[in-house]
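Thanks, everyone. Let me put the model on the screen and walk you through it.

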Amino acid sequence: MYNVGALFSLLLLLLVFVFCIIIPIAIGIFVYRDAKSRDMNALMWLLIVILAPTFTGLIIYFIVRSNYSNLKCPSCQTPVKEQYSACPSCGSKLKASCANCGAHVQSAWAVCPNCTTPVLKEQFG
């Protein structure tokens, strides 16, 4: 039959391998790719996440990365912020606005919340 102690040792070794090797590598790959897509220093964040004890580096990364946007202008691929109505580089319109008062509107809205003008679906082209 099987030696229970040997099976338990093998299972413990497998768990240690997963938690000490596989999970940090997966987290490192995620952070590197995410930081690179947000135009952050990807290599620096990779080192911080891997070398910081437990998940401290990952928590710090998630706090800091919220200030960096990975949004890009659909026309020229310049990084833009969520608040922008138009691209600062090429001038492309990024958000739809009310035909009457110019306030920002969303496609799910029936009327503009500012002036109650009906929102036309053509505005979202």
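A helix here is a DSSP run, H or I, of at least four residues, numbered from the N terminus. Keep in mind that this is a predicted model.

Start with helix α1. It covers residues 4-37, and I29 is found in it. I29 is partly exposed, because its relative accessibility is 42%. I29 also belongs to a nonpolar surface patch of about 850 Å². Other members of that patch include L11, F17, F19 and I25.

Now the charges. The count comes to three salt bridges. Take D34 to begin with. Its side chain meets R38 in a salt bridge, 3.0 Å from N to O. Both of those residues are buried. D34 also meets R65, at 2.7 Å, N to O. That pair links distant parts of the chain: D34 sits in helix α1, R65 in helix α3, residues 56-65, and they are 31 residues apart. R65 is buried, as is D34. So we have a network of salt bridges linking D34, R38 and R65.

The remaining bridge joins K72 and D39, at 3.9 Å, N to O. This pair too links distant parts: K72 lies in the segment after α3, D39 in the loop between α1 and α2, 33 residues apart. K72 counts as partly exposed, because its relative accessibility is 37%.

Last topic, cysteines. C73 is buried, at 0% relative accessibility. C20, by contrast, is exposed, at 51% relative accessible area.

Key
Residues are numbered from 1 along each chain as its sequence is written. This is a predicted model: local features need pLDDT of at least 70, side-chain atom pairs count only at pLDDT 80 or more; totals for chains, interfaces and linings use all residues. Side-chain values use heavy atoms; hydrogens and water are left out. Buried means under 20% relative accessible area, exposed over 50%, partly exposed in between (1.4 Å probe, protein chains only). Patches are made of residues with over 30% relative accessible area and no salt bridge: like charges are joined within 9 Å, nonpolar side chains (Val, Leu, Ile, Met, Phe, Trp, Tyr) within 5 Å. Accessible areas come from the Shrake-Rupley method with a 1.4 Å probe; for residues, only the protein chains shown count as cover. A salt bridge is a side-chain nitrogen of Lys or Arg within 4 Å of a carboxyl oxygen of Asp or Glu. Helices (H or I, at least four residues) and strands (E, at least two) are DSSP runs, numbered from the N terminus.
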